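Open the model in your viewer and keep the selection tool at hand. This tour tells you what to pick next and what is there.

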Amino acid sequence: MTLQTKTKLCLMMFLEFFIWGGWFVTLGTFLGDNLGASGSEIAQAFSTQSWGAIIAPFIIGLIADRYFNAERILGILHLSGAVLMYLMYTSESFGAFYPYVLLYMILYMPTLALVNSISFNQMKDPAKEFSVVRVFGTIGWIFAGLIISYVFFWDSPEARAEGMLKNTFLMVGIASAVLGGFSFFLPKTPPKVTKEEVTISGILGLDALKLLKDKNFLVFFLSSILICIPLAFYYQNANPFLSEIGVANPTGKMTIGQISEVLFLLLLPYFFKRYGFKKTILAGMLAWTIRYVLFAYGNADELTFMLLLGIGLHGICYDFFFVSGQIYTDTKAGEKYKSAAQGLITLATYGVGMLMGFWIAGKITDTYVLEANMHHWDRIWLYPAGFAILVFAVFALTFKNEKVAYKQ
């Protein structure tokens with residue numbers, strides 16, 4: 001891979017995640033403050049990610065992989081996304097906003113697989129080369145949060161009161177248009193030539209359902225779905241929570257989570273080899289509980305460190321569970337069902353699990369609304385803490401320890 005190609009791929013990945021991080025983090029705060037959305041309505045907006053994840057395999061499996069170059073589809077999807085971002089920017093009610101965000105996420109979620117496909121197609125050894133390119137995606141997400149908080153100050157109390165958070169959609173719309181145009185100059189990634197018949201079960205990874213006959217894999221599979229309930233609380237409520245209680249530059253501070261994700265990803269091989277798969281997964285689950293307890297009892301004054309520590313646990317929460325889970329799934333599936341198994345886990349977590357999680361988070365958040373759209377956050381955060389410790393206990397008792405090799 002030439003330096004020019006690597007530079008293009010890194011810029012592609014940077015923009016891909018700059019776009020996602022530039023509006024998704026502050027979505028709940030914007031909807032609550034500026035469109036007067038309830039917790040359930042905010043949950044509906046976040047659930048569009050799940051619908052996008054469910055529909056994405058059809059776009060990739062039926063269209064991109066068979067008929068068109070991946071870079072061209074990426075360009076068309078992001079140019080369309082730029083238009084939808086502008087329409088979200090101009091929306092003045094939740095009813096007007098929702099159809100645009102739903103269509104946007106249906107178009108955006110397939111791009112996550114497309115940027116990976118374009119990258120892998122240029123690499124001789126993806127296991128060694130991809131991490132360097134992918135880290136630019138995390139940098140893009142961090143960069144978006146820092147710009148919002150420390151350059152434009154759109155998440156400050158004064159700016160939020162003036163409705164300035166809607167500018168995130170305009171910023172992301174411009175970035176989406178740039179990536180859309182840039183995509184047509186990316187390395188050509190032609191469709192895969194295959195004689196295999198494409199089936200719905202194959203696209204959704206349902207061919208891997210037979211793996212559920214293995215009790216350990218079944219326990220892991222169900223735990224993966226249930227742990228998405230605490231994850232949904234974080235995505236949906238973390239930024240509104242920090243903003244509401246008066247934490248300065250909340251979006252910028254939340255980038256600590258992405259920095260943590262990079263650091264713990266580097267530590268994961270050591271932890272995985274030293275303590276094994278089961279203890280690694282359990283550490284990830286326990287981190288969710290600790291995070292939400294810290295959120296429940298921290299504040300924006302002398303206990304701010306508790307909130308920052310909770311954000312900083314994101315690396316353990318995400319990497320130790322989800323990345324370890326991908327490795328475990330890869331090991332259990334073997335060569336024959338490797339792709340199907342990963343597709344099944346993605347559908348189960350980002351599809352079913354997150355959809356269920358956002359709905360529960362929305363209902364619980366609405367239960368603890370106070371006057372002036374304030375919330376009993378200490379009570380709200382104890383729910384995902386309880387969910388996480390329950391999943392922890394069930395997994396610890398029912399999953400039999402087995403040796404899993406760490407594969408990069």
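One term comes up at several stops: contact means heavy atoms within 4.5 Å. This is a predicted model, where local features need pLDDT of at least 70 and side-chain atom pairs count only at pLDDT 80 or more, while totals for chains, interfaces and linings use all residues. Residues are numbered from 1 along each chain as its sequence is written, and side-chain values use heavy atoms, with hydrogens and water left out.

**Whole chain**

Show the chain as a cartoon. You will find 16 helices and zero strands. Helices (H or I, at least four residues) and strands (E, at least two) are DSSP runs, numbered from the N terminus. The C-alpha trace spans about 60 × 50 × 35 Å along its principal axes. A compact globule of 408 residues would have a radius of gyration near 22 Å, and the chain's 21 Å agrees with that. That radius is taken over C-alpha atoms, and the globule rule is 2.2 Å times the number of residues to the power 0.38.

Among contacts between residues at least 6 apart in sequence, 83% join residues at least 24 apart.

**Surface**

The accessible area comes to about 17,700 Å², and carbon and sulfur atoms hold 65% of it. Such areas come from the Shrake-Rupley method with a 1.4 Å probe; for residues, only the protein chains shown count as cover. Buried residues make up 55% of the 408. Buried means under 20% relative accessible area, exposed over 50%, and partly exposed in between (1.4 Å probe, protein chains only).

**The core**

Hide the surface and select Met12, Trp23 and Leu31. These residues have the most contacts inside the largest nonpolar core, which has 129 residues. Helix H15 (residues 314-367) gives the largest share of this core, 22 residues. A nonpolar core is a set of buried Ala, Val, Leu, Ile, Met, Phe, Trp, Tyr and Cys residues joined through side-chain atoms within 4.5 Å.

Stay on Trp23. Beyond its neighbours within four places in sequence, Trp23 is in contact with residues including Met85, Met88, Tyr104 and Phe169.

**Gln49**

Next, select Gln49, in helix H3 (residues 39-64). Is Gln49 buried or exposed? Its relative accessibility is 0%, so Gln49 counts as buried. Which residues is Gln49 in contact with, leaving aside neighbours within four places in sequence? They are Trp20, Phe24, Met105, Met109, Tyr235, Tyr350, Met354 and Phe358.

**Helix H2**

Go to residues 27-34, helix H2, where six of the eight residues are buried. Those six are Leu27, Gly28, Thr29, Phe30, Leu31 and Gly32. Step just past H2 to Gly36, which takes a positive phi of about 60°.

**Two loops**

Select Phe153, in the loop between helix H6 (126-151) and helix H7 (157-161). Phi of Phe153 is near 55°, a positive value in a residue other than glycine. Phe153 counts as partly exposed because its relative accessibility is 42%.

Now move to Asn249, in the loop between helix H11 (228-244) and helix H12 (250-254). Asn249 is not a glycine, yet has a positive phi of about 50°.

**Last stop**

Finish at Ile259 in helix H13 (residues 256-297). With 42% relative accessibility, Ile259 counts as partly exposed.
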